[in-house]
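Biologist: I am new to this structure and would like a close look at a single part of it. Please take one stretch and follow it through.

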Amino acid sequence: FGGVDVTYGILYAGAWASDVNYGRNTDGPGGAFGTAVANVELDVYAGIKPVLGPVTFDLGFVSYNYLGGHDKGPRRNQVREQDYVELKAGASASLVPKLTTGVTLFYTPNYQQGQGSVFTVEGTAAYELPVFLRMTPTISGTIGGQFGDAGNVKNPYVFANGSDSYAYWNAGLTLGIDKLSVDFRYWDTDISNRGNFCTQELFACDSRFIATVKVAF
């Protein structure tokens, strides 16, 4: 996966892409071998970050696009439309030196696979440690929750394995050297792995470690 961000004053925009494996449609072209539900996820986002006193606001949107798939449904073994748009509103502040905290609310009226309206809220905290060997270490974490409607008879919310909501969190260390940063992070959720739900590529909700490298120009 990889991404790029551009900022100008309070404006920002960016894109992030990754290969994905959502399984195959066995009733589409290709017969028993089927066609991929999606090959690539491309997220495009933009917004503004106005500042009022010590608070920085973040108002924007994220468009999630799943390319290369046959996801128009509702034919047998075909999922519903994967693409969706999410609105977000957040605020962050550094009220204590070296410590930044924030909260962000996300909302979509029509979530992935047509699962109806979904809310997501998350809080973040980051603390910058003293410089060590030219590196600036920062420890940070996120905790959030997503809320859907598993009781929707027409098209229930399925991402929490039978529940209407789930919690997720991460914690990690970022090492910054000039314009380069390397992040080491642990991710996890409280979603039940009943029926090997979390080991499926589509959901991937089991614990994992991820390393990310960023360069600023």
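In β9, which residue is the bridge partner of A89?

Modeller: The bridge partner of A89 in β9 is L105. Keep in mind that the model is predicted.

To place that pair, begin with the whole chain. The protein chain has 217 residues, and 33% of them are buried. Of the contacts between residues at least 6 apart in sequence, 47% join residues at least 24 apart.

Now the part you asked about. Strand β8 covers residues 84-96 and β9 covers residues 99-108. The two run antiparallel and are joined by eight bridges. They form a hairpin with two residues between them. K98 is in the loop between these strands, and its phi is near 75 degrees, a positive value in a residue other than glycine.

β8 also pairs with β7, which spans residues 55-67. Ten bridges join β7 and β8, and this pair runs antiparallel too. Here F57 has A91 of β8 as its bridge partner.

R134 sits in the loop between β10 (118-128) and β11 (136-147). R134 is exposed because its relative accessibility of 63% is over the 50% cut-off.

Last, a residue in another strand. L180 belongs to β13, which runs over residues 180-189. L180 counts as partly exposed because its relative accessible area, 36%, falls between the 20% and 50% cut-offs. Leaving aside residues up to four places away in sequence, L180 touches L175, V213, K214 and V215. The C-alpha atoms of L180 and A216 are separated by 6.6 Å, although these residues are 36 apart along the chain.

Terms used: Residues numbered from 1 in each chain as written. Predicted model: local features only at pLDDT ≥ 70, side-chain atom pairs only at ≥ 80, totals over all residues. Heavy atoms only, no water. Buried < 20%, exposed > 50% of the residue type's maximum accessible area, 1.4 Å probe, protein only. Contact = heavy atoms within 4.5 Å. Helix = DSSP H or I, 4+ residues; strand = E, 2+ residues; numbered from the N terminus. Pairing = 2+ DSSP bridges.
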